[in-house]
Structures are given as structure tokens and as C-alpha cells.
Amino acid sequence: MTFAGWFTIIAFAVILTLLAMPLGSYMAKVYTGERVFLSPLLGRPERLLYRLLRAEEAKEQDWKAYAKSLLIFSLAGWLLLYVILRTQNAFFVPHGLNPLEFHSAPWNVTFNTTSSFVTNTNWQYYGGETTMTYLSQMLGLTVQNFVSAGVGICVAAALIRGIIGRTGKGIGNFWRDIVRTVLYVLLPISVLGAIVLVSQGVIQNFSSYLTAHTVTGLTQSIAMGPVASQEVIKELGTNGGGFFNVNSAHPFENPTAFTNFFEMLLVLIVPAALVFMYGRMTGNRRQGHAVYGVMMFMFLGAAIVAYIAEAHGSPAQHAAGLHTGAIHGSTGGNLEGKEQRFGIAGSALFDVVTTVTSCGAVNSAIESFTGIGGAVPMANLSASEVIFGGVGTGLYSMLLYVLLAVFIGGLMVGRTPEWLGKKLEAREIKLSGLAILITPLAALFATALAVASHAGRASVSALGKGPQGFSESLYAYLSQANNNGSAFAGYTGFIQPNAGNIGAHGVTFADVLGGLVMLFARFGPIVVTLAVAGALAGKRVTPAGLGTMRTDNTTFAVLLIGVVLLVGALTFFPALLLGPVVQGLTGHLY
Amino acid sequence: MRRDIVTSILAIVLFTVLLGIVYPLVITGVSQVAFPGNANGQKVYVNGRLVGSKIIGQSFRRPVLEKNGKPKEEEEELVTEADPRYFQSRPSATEGGAYNAAASTFSNRGPNDEVTKEEDEANAKEYLELNRPYDTSLTVAQVPVDAVNTSASNLDPEISQANAWIQAHRVAAKRGLSLTEVDALIAKYTDSRGLGFSGERGVNVLELNLALDRLNGGTH
């Protein structure tokens, strides 16, 4: 461990907070329909889009209408993406956009991939540069990176409107929300971010793969492509699907330690800003600060544990006689599966940033993390992505926990639970309980199926290697159920003997189970969350009295941390013990 | 319902045009004008020949030749050995030979895996055999981890400074240069940390090796 390593973690938390506050205020204006500084530029295209879409953007929707628009829009996106991916080498695709003449991946892999990108998961059973054409990456995957992220933010905005609503059943209008999210939030930051990335060395071209002749007489083939435009939204939308197989470890996606820092900020900026936006929209910024404090506390805890574990080195390194402490000119540590330019701190922090959110991008091989280092991302996933979480999903999931904490707090002090002046009743509590349980249920059920069946075990690469094999399976379904997308990458659902997909086939069990888990654990909670928003929207507001339990102070923040940890621990502790914890406690090699 | 379906179809088509065509093309246009070198992958040419990308790691091993002068192959892969005149990159386990930048991949070696230990041991042994003749006090405990562990991308363009300083003994001896000259070049091609604190310092292997060749001639 080094001073620079610790400083990186602290500096990141500070800079993130300083950037997220103004963005949160800006976004609050975007979702309450106020003018912002971009309105003169974007007002006209916005109105044009509404006209072309024939959307009744001015009409308030109740939760059912909102959910219906959202689901049908997602279904349309699913169908289009599936068709694009399955026809990537069809006769009408120009050669320049498929320079290596890649065939399409088989149906089962495409089912998984399509479900993955539409649900903002971006789990990848394929390697980008050996499977996807430039056209598929741009027209299919990049577009879903934007709109699936947008859908998540819409739900968070709708839930906040439900919480503060005083005028009946309306929770906003889906079409207005999605258009404004894309135009006012995601697109402007993406344009600026992509240019920053290119200025640091991320590539953006349409040339064919290069062939280099090295000075020692070898040849090297180098993949190319329009990377920057996809890279930026991959982070900003907490998507995480890499242009290349090794994702943000690839020097063309993440060339320097600066881009690494910048990309981490891109991942967390919107989830963090949404918390401040929540404070603004409820008219009491301290509400946002309390939730932000809870998230930041758990985030820093995870980062510290991961950094210490990885700096310590792995049992395999020690058994081979290596010295893993810092020496002059090298920081040591578990550098297996990590890049020199990021180092241990830059890799551990990136790993935590992308697993507390639903980003799932990786700049190091999680499979090669030490037992405890690998337990950190799994614990983050077990907390159901509420530590900042995915764009939108993180905030709305956390707010459901807030609701639960208010209820539990109310029971403890023996008062009717009230939240921001609204009485919480059986319906909301039942619904939030349901929403909170869908994801763990999907994750554990699928893991059980996968480890107990022959078909499931076919995907495990570390079979017979002690806890690692179980960890691979658990991580796969935890990640897909939480719509995260990071992986113990040894777990496979796609056998691809050669680049270009000729002779490739998918592992149907893993592909289909994973795809269904992602769809269920994404849209299930969304519908239930919108129902909560609807139930809250119709309630009368009563002024806070002496007996009201406050939700904007430290006491409540501690209670909230307790509820999140308790639900996560009760649900996942046995499973985590079987995999990473056992591995972290032993120096044994398998 | 019907209205939702029509709007959904229109929306996904319009978003596809805006975000899938207009946006990437605008970014490509701006990048190609403002940062053409970066946008095209920081290609490095020597005497008009493309030798690689500055930021993509590559192998500095050379093909082993059979007695008849042809490159030796085993199982359709070239047999290679470290070229002692060059700094060696980190170990790489991409398919189809090391540093295959058309198919990046993680090694996925587990922390408690017997295979990981064996790979580490083999890499450390090779490193010692290559460098100990020129730095006789070198022991396995002094081998920097980056010289033994594969990177995440398996395309890491950098090695640690400690790794470079050890290899400098060999490279200096093989090229008839003084250690001071080689160490000066290492310092020249060592990156600084991002923002002054983020990440680790590393030495760009390709740039360093090409600078050596400019100093006293390449092998090819």
C-alpha cells in the first residue's frame, strides 16, 4: 500500500462529491421542467422529437400508463437489437462496417446479449473484437447503452414525483422523461467525455484491423474501431459492456491512469448526482445528504477492504516464492490480472466503483482477485446495488430501503411511520418488500439451478478447484440479477474456437437462464417501484410534528445502513461463506 | 396501447438514428480532425514500416529458427525465445501467441489455483535465467511481480521501473552500452502518474526499445 494509493481513493470521493452536487441541481431542473442553460440549444430539437414521436408529452401519466409506455418501449428496443445482432453479416450491410466479415453469434448467445443490453446489465458472453461488427456496436449496443440507462433514470424521477406529489395520481410522463434524459443529461456529457477520452488516446476510427511487423520479426494484429463514442456512455450509463473483450483493461479503452480516474468519475457521477437531485426535489436537501452519507460510507468501506486485500498479494504468488510487498520502483501486490499503469489502488478502486454501481466494466480480472478482494464485489452485489447503484436503479432501490427503514423505525418507537409527511401503509410496505426481494430471489434461485445441474456446471472453468468454481457460478447470477455485468470471466456461455463466429456455439442453459434472470430482475422491480410511486402520489401530506421520525439526520442514516446490511447479510451470507470467504481464509492451493 | 406501440417504434428508430449514427459519426469527425494520431491508435513506424502501437504492448521475443533457417513451429504456433538485446514485456497469455491484439483476453488465473503458482514459478525461472548472468545477485524474491504475473488485458504496454532497472544490466551488456546510458533512457520513457497521484509509474517498453535501436542499431 502506498500514500499515492490511499490519496487516490480519498481524492476520488472528494472530486466526485464536488461534481455531483451541481449536476444534481441541474438534473432537478431537467425533471421538473424548468429552463436550464442548455434549453436555448436543445429546446427546438426536443419539441421536434415530441412531434415526430406523436407523444402526448404534456399529459401526466398514472403509474400504470407510465409502466406500460416503459415496457413497450423496452420491448421495441429488445426486438430491434436482436434483429441487428442476428443480421450483422446480411447482404445489406456494407463491407466497410463489417471489415472482418464476422458472422452473427448464435441465437442463444444473442438472446443473452440482447436481454443484457436492454436491461442495462451488459453481461457479455462474447468478446467484442472477435464477435461484433462496427455496425452492431454502434447501431445496436451504443443505442441501448443510452436508452436503457435513460429508462432507469426515468423510474427514479417518477418515484421522486410520487413521493412529493400532492396533486393526485400523476407521476410524470415517460416520453418526456426519456427524451429529456437523453438530450439534456446523457448526450451532452457523452459528447464532451468522448472528446476528452480521444485526447488521451482512446481510439475512434472505422479502419480495418492493423498488421504490425515488430522489430524482432513477429507480426501483431491490432483491433480497431469507433471506441470512444461507446466507451463514454458505457461508463456514464453504468452499462459496462466493453468494446473489447477485456473491457476497460484494454489500452484502447483506457490508455492512462488519468483516463482510469476520469472513467471512474463518469461511472459514479449520475448515480451520485441523482441523490442530490432527490434532496432538491423533495425541498429538503438534507434528505439527500443523509442518503449520500450512507452510500459514501459503504463505498469507502468496500474500497478500503479491496485495496488492503489486493496489496497483500495472493497465496499462489507467495507459494511461488515471490515478494509481494512494495519495493523501490514497484508497488508489488497481487498484480495477476492487473495493468501496470493503474496499479493496485487504481484497479481495486475501479472494481469497487463498478460493482457498487451496476456498471460492471472491469479494468482488471476479478477472477484473479484474492479471496477477500473478490468477496468485496460480491458483497457489493449482495447489497442489491444501492451503494450509489446503477443510474436511476440505485436511487430508486435505495429509496425503497428508506421506506423500509422508516417502517422499521416506526415500529421500534411505536408510531405510525411517516415519510416526508406521507403516512406509510400496508400497500407501500408490501410492495417495497416485494421489490427488494425480487433480485436476491432471482440470483440465488439461478445459482442453485446452475451449480446443481450438469448443464450449469458446463460453464464453470475452475471446476474441481475448490471454492473458486462455486464463486464463478454465484458471481455470474449475482451479477446478472443485479444488472451489473461484471464477471469472474472464466464462466462461459459461448464457445468460440475462432474469431468471426464460424463454428461457434452457445451454452444454451447459461445463456437462457442468464437472459431470463436479467429481464425478470430488471423489469420486476421497475413495475413494483412505479406502483409504489403511484401509491404514494395519491396521499395527503400532513405537516411534520414533534412525534415525526426524522429521515434527514445521522440516527436515521445509521438505521438505514443497518437495514441494508441486514437484508443483504441475511440473504447472501451462507452463499458468500461457501465461495470467496472460505477462499480468503485459506492459503491452500487447489 | 396502440398509441404506445406506434410511439415506441418511432422512438427506438429515431434514437437509433441520433445515437447510433449521428453521434458516433460526429465524434469520429471531431476526433479525426482534432486528434488524428490518437484516434487512429498511435501507430509507430520505423523506416516506413508499421511496427506497432505506442499504447498496445507487444512481444520482444524472436522466432527460434530451425537448422534450415525456417522459423520453428509447434502445434501451428511459432516457437519464440526472448531477444536479449531488448527489454521484455510482461508475460502474456492471449490465444494464438502472446500479445495478440486482435483477441484480447483475461488469463483468469485464480488466487488459490495450483496452476497460477506453477505459471508464476515458470515465469520467475525464465526471468532469472535471462537476467541473472548480468546481475548475479538477483534472487526470486527480488523479481518484481509485474515480470511474473500476466496483466488484465494481456496487452500491457508497460513494465514497472524495478523490472526495467533489472533488465537494464542485460540490455547494456548485450548492446555494449553503459548502465548509466540505459538507465537514462528508462527515465526518459517512464510515464508520470495521472494527475500526479493516480495509478503507478511504468516504462513504455516499445518506446524504450526503439530508442535503444536508434542509439545503436536494430537487429532487423
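Chain B averages a pLDDT of 94, and 99% of the residues score at least 70. Here pLDDT is the predictor's confidence in each residue, from 0 to 100. The model scores ipTM 0.96 and pTM 0.96. This is a predicted model, in which local features need pLDDT of at least 70 and side-chain atom pairs count only at pLDDT 80 or more, while totals for chains, interfaces and linings use all residues. Residues are numbered from 1 along each chain as its sequence is written, chains are lettered from A and ligands numbered from 1 in the order in which they are written.

Chain B splits into domain 1 (2-39) and domain 2 (45-216). These bounds come from an automatic or database domain assignment. Taken over C-alpha atoms, the centres of the two domains of chain B lie 40 Å apart.

Now the interface. Chain A puts 116 residues into the contact and chain B puts in 100 residues. Two residues are in contact if their C-beta atoms, placed from the backbone, lie within 7 Å. Helix 3 (residues 63-86) of chain A gives the most to the chain A side, with 7 residues. Helices (H or I, at least four residues) are DSSP runs, numbered from the N terminus. The chain A side holds 57 nonpolar, 50 polar and 9 charged residues. Ala, Val, Leu, Ile, Met, Phe, Trp, Tyr, Cys and Pro count as nonpolar, Asp, Glu, Lys and Arg as charged, and the others, Gly among them, as polar.

Next, helix packing inside chain A. Two packed helices are described by the angle between their axes and the distance between the axes. Axes are lines fitted to C-alpha atoms, for helices over the stretch in contact, and angles run from 0 to 180 degrees between N-to-C directions.

Take helix 2 (residues 39-53) and helix 7 (residues 174-200) of chain A. Their axes come within 11 Å and cross at roughly 140°. Helix 2 of chain A contributes Leu42(A), Pro45(A), Glu46(A), Leu49(A), Tyr50(A) and Leu53(A), and helix 7 of chain A contributes Trp175(A), Val179(A), Leu183(A) and Tyr184(A). That contact has 9 nonpolar, no polar and 1 charged residues.

Helix 6 (residues 134-164) and helix 8 (residues 228-236) of chain A come within 9 Å, axis to axis, and cross at roughly 25°. They are therefore roughly parallel to each other, a class for angles under 35 degrees. This contact has 3 nonpolar, 5 polar and 1 charged residues.

Helix 8 of chain A also meets helix 9 (residues 257-281) of chain A. The axes come within 7 Å and cross at roughly 45°. That makes helix 8 of chain A oblique to helix 9 of chain A, the class left once under 35, over 145 (roughly antiparallel) and 65 to 115 (roughly perpendicular) are set aside. Val232(A), Glu235(A) and Leu236(A) of helix 8 face Glu263(A), Leu266(A), Val267(A) and Val270(A) of helix 9.

Methods. Helix = DSSP H or I, 4+ residues; strand = E, 2+ residues; numbered from the N terminus.
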